[in-house]
Amino acid sequence: MTTADQHLMTGAWALNATDDGERTAFEEHLRECETCLTEAVEMRETAARLSMLVELTPPPHLRDRVLAAAATTRQDRPDSPRPVTELRPRRPWIRRAAVLVAAASVLGVVVAGVQHNMRLSGEVEALQQVAARYEQLNSLISAPDAKTVSRKASNGGSGIAVFSAAQNKVLFLAADLPPLPPDRSYQLWVVDGVGPHPADVLTDGQPVVMDFVEGAEKLAVTVEPLGGSDLPTTGPVVSLPYA
Amino acid sequence: MPELVRPRAPRSVEALTEQVTPDLLGQVARSDEAAFARLYDLMAARVFGLVRRVLRDEAQSEEVFQEVMLEVWRKASRYDPSLGSPTTWIMTITHRRAVDRVRSAQTTADREVQAAQREVARPFDEVSESADTRFEQRQVRRCLSTLTPLQRESIGLAYYQGYTYPEVASLLGIALGTVKTRMRDGLIRLRDCMGVTA
């Protein structure tokens, strides 16, 4: 993309109407272009004011719930290097929604592969459901190196992951994990020689898609306070070797 | 203490225009739970309203709302005043979370069908049902009325419904470059009309 094109992106960026790749590229651009940064900050300030027209008081019981959850949620430390926007996940190799297109392609391959060994019927079903939902996206990239790993969780249910170094993608999907109390979330971690790194909080039936991390050892899921933690506060309910 | 969440209409003008200050956010960053309760009372309606507007589903909205508020609590120390006001920081997190959820929950095709079913060309019509009780709200609406229809539709579809600019282009039947330009021109016009400065 040329600089002129980039400059036109301020509006779409401030409205959060780009995909992850474009956002990253634009934010790189902002680091080098001070006038663009000024404009971008003003645009975002402007966009935020649009929310004044749709205010709606939330159900009152949520207040106690949020305040109670905050009281038991550890806060992030202030010293991390700060990107232009606070909003990208802190680990650059974690991406989410926008990579679902890629996820669909990996899934096609995986479902075929997993079906081949029939013991994982629950997971296959879950994967098929997800795959069906993203079928339309269908920019299928074949991943001949895709590897699938599945493990039963200690509390029932299971975790399944698909690794493709060639596509630089890892997909994780939990199936049938028991529901948690409202102030708890399942959180996914990528474990390497240094220790666990927070990936994403799991949402029912939603796959998490990440970049492939060279040298990672495991994926693990723990139960954390609602919204997730910086470091695990409980032991893993399921842990899968990084393929 | 649920009674502290009051409907917004009867409150005084002063209370309605109070903003989260960098100081308050700083107290939150130092784990001050009372400060966080204060922030909650100032921001809850704005955060929940936007989430609900983008997601529409009540249960999902409540879930995402709670995630946003906790993210604000967790990340308060990462707030950088050079990148905007605390309110904007919070609303940016809110919009991001809501849009992430709506984009991961639905395929583009689903969303396009839904959009076609709801007259997409009028994203502001539903908005206009609410009464504007505050000066700032009236100002936003007045400034919106100065935009061209294409600018207004492009901005509304992206902000209130979570569409990406290629989706907006396809919904409105216009070129990608045109959408990007309309979004930018429109926001610039709004910015100047509302007197926003960095």
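Biologist: In what order do the elements of chain B run from the N terminus on?

Modeller: This is a predicted model. Chain B has 10 helices and 0 strands. From the N terminus on, its elements therefore run, with helices and strands taken as DSSP runs, α-α-α-α-α-α-α-α-α-α.

Biologist: What does the secondary structure of chain A come to?

Modeller: Chain A has 243 residues, of which 46% are buried. Among its contacts with a separation of 6 or more, 62% join residues 24 or more positions apart. Its secondary structure comes to 7 helices and 8 strands.

Biologist: What share of the residues in chain B is buried?

Modeller: In chain B, residues 24 or more positions apart account for 66% of the contacts with a separation of 6 or more. Chain B has 198 residues, and the buried share is 45%.

Biologist: How do the residues on the side of chain A that touches chain B divide by type?

Modeller: The contact joins 60 residues of chain A to 76 residues of chain B. Helix 2 (10-14), helix 4 (34-49) and helix 5 (61-71) of chain A each supply at least two residues of the chain A side. That side divides into 31 nonpolar, 14 polar and 15 charged.

Biologist: Which residue of chain A does B:Val168 touch?

Modeller: B:Val168 is one of the buried residues in helix 9 (residues 165-172) of chain B, along with B:Tyr165, B:Glu167, B:Ala169 and B:Leu171. B:Val168 is also among the residues with the most contacts inside the largest nonpolar core. Not counting residues up to four places away in sequence, B:Val168 touches B:Ser154, B:Leu157, B:Ala158, B:Tyr163 and B:Val179, and in chain A it touches A:Ala17.

Biologist: Which residue follows helix 9 of chain B?

Modeller: The residue that follows this helix has a positive phi, near 65 degrees. Its name is B:Gly173.

Biologist: Is B:Asp185 buried, partly exposed or exposed?

Modeller: B:Asp185 belongs to helix 10 (residues 176-194) of chain B. Its C-alpha atom is separated by 7.3 Å from that of B:Gln151, 34 residues apart along the chain. A buried residue needs 20 or more other C-beta atoms within 10 Å, and an exposed one has 12 or fewer. B:Asp185 has 18, so it is partly exposed.

Biologist: Are helix 7 and helix 10 of chain B roughly parallel, roughly antiparallel, roughly perpendicular or oblique to each other?

Modeller: Helix 7 (residues 135-144) of chain B meets helix 10 through B:Gln139, B:Val140 and B:Cys143, which face B:Leu190, B:Cys193 and B:Met194. The residues of this contact divide into 5 nonpolar, 1 polar and no charged. The two helices pass in a right-handed crossing. Their axes are 9 Å apart at an angle of about 135 degrees, and the helices are therefore oblique.

Technical notes. Residues numbered from 1 in each chain as written. Chains lettered and ligands numbered in written order. Predicted model: local features only at pLDDT ≥ 70, side-chain atom pairs only at ≥ 80, totals over all residues. Contact = placed C-beta atoms within 7 Å. Helix = DSSP H or I, 4+ residues; strand = E, 2+ residues; numbered from the N terminus. Nonpolar A, V, L, I, M, F, W, Y, C, P; charged D, E, K, R; others polar. Core = buried A, V, L, I, M, F, W, Y, C linked by C-beta atoms within 7 Å. Axes fitted to C-alpha atoms, helices over the stretch in contact; angles between N-to-C directions. Parallel < 35°, antiparallel > 145°, perpendicular 65-115°, else oblique. Left-handed = near helix turned anticlockwise from the far one by under 90°.
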